[in-house]
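User: Hi, I have a structure open and would like to go through it step by step. Could you help me read it?

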Amino acid sequence: MEVLEAGGFACMGLPVDQIQDVGDGASRLAVREAVSGSYDHLDYVQQQRLTNDIFAFTTRMKPGDLVLARDGEEAYLGTINGPAHLGEDSPRLRRSVEWESDPIPASEIPDPDLLNQQRSVIDLTTIREELD
């Protein structure tokens with residue numbers, strides 16, 4: 001996930017300009033069909049990973065959820081406060097986020113192995129209470 005504090009939003013780090021039919025609250029089936037139709041050059045595993053990430057970003061994430069975005073040795077915490085949508089100036093899925101003003105050292109994140117996954121969206125529910 002890419003952090004864009006000045007604009008007050010978070011966005012997925014991959015372009016989704018080829019997917020036009022996926023919006024806030026899309027079903028997993030709708031996302032899977034959009035991915036398989038638009039990204040047929042990807043193998044099955046890559047399509048499943050992309051489907052899971054887009055579904056998590058558009059449907060599982062909700063306003064009020066805590067988000068964390070890492071930038072090198074710093075991490076930014078924020079709270080989602082808007083629906084998923086395609087950016088007007090960039091073909092990336094976005095969500096409006098109210099970011100905390102100061103980053104925290106990435107070394108202070110509980111269970112740092114969670115952030116070592118090669119994914120755009122990672123569920124941090126298991127460490128939520130420690131981040132609040």
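User: How do helix α1 and helix α2 pack, and at what angle?
Analyst: This is a predicted model, and in it helix α1, residues 28-38, packs with helix α2, residues 44-60, at an angle of about 135°, their axes being 9 Å apart. The two helices α1 and α2 are therefore oblique to each other, since an angle has to be over 145 degrees to count as roughly antiparallel.

User: Is the crossing left-handed or right-handed?
Analyst: The crossing in which α1 passes α2 is right-handed.

User: Which residues make the contact?
Analyst: From α1 the contact is made by Arg28, Val31, Arg32, Val35 and Ser36, and from α2 by Gln47, Gln48, Leu50, Thr51, Asn52, Ile54, Phe55 and Thr58. Sorted by class, the residues in the contact of α1 with α2 are 5 nonpolar, 6 polar and 2 charged.

User: What about arginine 32, is it buried or partly exposed?
Analyst: Arginine 32, which has its place in helix α1, is partly exposed, with a relative accessible area of 39%. If we leave aside the neighbours within four places in sequence, arginine 32 is in contact with Gln48 and Thr51.

User: And how far is arginine 32 from glutamine 47?
Analyst: Arginine 32 and glutamine 47 are 15 residues apart in sequence, and from C-alpha to C-alpha they are 7.8 Å apart in space.

User: Changing topic: how many salt bridges does the count come to?
Analyst: The count comes to 1 salt bridge, and it is formed by arginine 95 with aspartate 24, whose closest N and O atoms are 3.0 Å apart. As background, side chains of opposite charge can pair when their charged atoms come close.

User: Where do arginine 95 and aspartate 24 lie?
Analyst: Arginine 95 lies in strand β6, residues 93-99, while aspartate 24 lies in the loop between β2 (9-11) and α1, so the pair ties together parts that are 71 residues apart in sequence.

User: Buried or partly exposed, for arginine 95 and aspartate 24?
Analyst: Arginine 95 counts as buried, because its relative accessibility is 1% and the cut-off for buried is under 20%. Aspartate 24, in contrast, counts as partly exposed at 44% relative accessibility.

User: Now alanine 75, where is that, and what is it in contact with?
Analyst: Alanine 75 has its place in strand β4, residues 74-80, and it is buried, with a relative accessible area of 1%. Leaving aside neighbours within four places in sequence, alanine 75 is in contact with Leu68, Ala69, Arg70, Pro103, Ile104, Ala106 and Ile109. For alanine 75 and proline 103, which are 28 residues apart along the chain, the C-alpha atoms are separated by 5.4 Å.

User: Where is glutamate 100?
Analyst: Glutamate 100 is in the loop between β6 and β7 (104-105), and at 45% relative accessibility it counts as partly exposed. The C-alpha atoms of glutamate 100 and threonine 79 are separated by 8.3 Å, although these residues are 21 residues apart along the chain.

User: Last one: what does the secondary structure of the chain come to?
Analyst: The chain has 3 helices and 7 strands, and from the N terminus on its elements run β-β-α-α-β-β-β-β-β-α. Of its 132 residues, 40% count as buried. Among the contacts in the chain with a separation of 6 or more, 55% are accounted for by residues 24 or more positions apart.

Methods
Residues numbered from 1 in each chain as written. Predicted model: local features only at pLDDT ≥ 70, side-chain atom pairs only at ≥ 80, totals over all residues. Heavy atoms only, no water. Axes fitted to C-alpha atoms, helices over the stretch in contact; angles between N-to-C directions. Helix = DSSP H or I, 4+ residues; strand = E, 2+ residues; numbered from the N terminus. Parallel < 35°, antiparallel > 145°, perpendicular 65-115°, else oblique. Left-handed = near helix turned anticlockwise from the far one by under 90°. Contact = heavy atoms within 4.5 Å. Nonpolar A, V, L, I, M, F, W, Y, C, P; charged D, E, K, R; others polar. Salt bridge = Lys/Arg side-chain N within 4 Å of Asp/Glu carboxyl O. Buried < 20%, exposed > 50% of the residue type's maximum accessible area, 1.4 Å probe, protein only.
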